[in-house]
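The sequence and the structure come first, and the description follows.

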Amino acid sequence: MIGDVILSTGAIAEIVRRHPGAKVTVVCSPGTAILFRHMPAETEIIPLVKQKRGGHWLALWRTLRRRRWARIHDFRDSVAGRFLNGPRVIPRRAGGGGVHKVVEASSILGDGPALPPVLWLANAAEGLPASVTKAKRLLVLGPGATRAGKAWPVERFAELAARLTAKGGLLEGAVVVPTGGPMDRAAADAIGAGVPAARFIDLTGADLLTTAALMARADLFVGNDSGMMHLAAASGAPTLGLFGPTDERLYGPWGARAAAVRAPGVSVVFGKTSKTVSRTETQMGALTVDEVVAAAGRLIGAVDEV
């Protein structure tokens, strides 16, 4: 998942820093491979395409079984990692103790500080449209989610964008930019219907590096518990994550410029399980636009004080 990869990048950056000149192999999902394109090491990237009945692990083992590794950092405690040649380390699992995934990922290097996510952007900003780079203020949104239960209703994103950017709003006159994958374009259209066309740019479907470069320029990002939320926080954007059936203690946006707001009254079993998250219906209906506007104001105020 995009978010899990991003939350591990701080530890990966530290591994690379500790071993200058070492050749590094990164095994990750195809969608996240681009995040390692500019990592400061001689890097081989192996996109792992999921197959039925765990066939992707067998395929990976067949690809790598004849190699000998100085160290295997197995963030997933994967099946294939257990059978590769070389000393293997894994993170300490957080269990039900409410330990954030950044802390868990950092534990792969032993006892030490939490290692905040890192993005290697290089010249990614060159892919941004001129309408973005010339905008004085940017409101970036992440209306997508891996499951319907985590998704705040899109009509509320539309109302939020209109209110924040209207005259007298927190981000008066800002350009509104939805982000996410191609599957989020319908949500982007709904958001765009509520703001002037001259102040709307749909960036859904852009690659992760271009999207991160956009977020690094944002005055505010608001989005569901998703990879886009973690990408925004890692970029340094003021990031407000919207939570309901998932646990912000484990997956909240990381950093001093980030905050989470929870839908009141949502029944959640705190932990890593996704069994409480609906595949078909939102569980975020109790979170009002007023509450999100207020949370955004608190976040921006805290960032300005810093």
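## The largest pocket

The largest pocket holds about 1500 Å³ of space. A pocket is an open set of points on a 1 Å grid over the protein atoms alone, where a 1.4 Å probe fits, with protein on both sides within 12 Å along at least five of seven lines; lining residues have an atom within 4 Å of a point. Its volume is the space filled by probe spheres set on the points, which are joined across faces, edges and corners. The largest pocket is lined by 42 residues, and the closest to its centre are Val27, His73, Asp74, Phe75 and Arg76.

The model is predicted: local features need pLDDT of at least 70, side-chain atom pairs count only at pLDDT 80 or more, and totals for chains, interfaces and linings use all residues. Residues are numbered from 1 along each chain as its sequence is written, and side-chain values use heavy atoms, with hydrogens and water left out.

The lining divides by class as follows.

| Class in the lining of the largest pocket | Residues |
|---|---|
| Nonpolar (Ala, Val, Leu, Ile, Met, Phe, Trp, Tyr, Cys, Pro) | 24 residues |
| Polar (the others, Gly among them) | eight residues |

At least two lining residues come from each of helix 1 (2–18), strand 1 (23–28), helix 2 (55–64), strand 3 (72–73) and helix 3 (101–106). Helices (H or I, at least four residues) and strands (E, at least two) are DSSP runs, numbered from the N terminus.

In helix 2, the buried residues are Gly55, His56, Trp57, Leu60 and Leu64. Buried means under 20% relative accessible area, with a 1.4 Å probe and protein chains only. Strand 1 and strand 2 (42–47) are among the elements that cover these residues of helix 2.

## The whole protein

The protein has 10 helices and nine strands. Its radius of gyration, taken over C-alpha atoms, is 20 Å, close to the 19 Å that the globule rule gives for 306 residues, so the protein is as compact as a globular protein of that length. That rule is 2.2 Å times the number of residues to the power 0.38. Of the 306 residues, 49% count as buried.

Conventions
Buried means under 20% relative accessible area, exposed over 50%, partly exposed in between (1.4 Å probe, protein chains only). Contact means heavy atoms within 4.5 Å.
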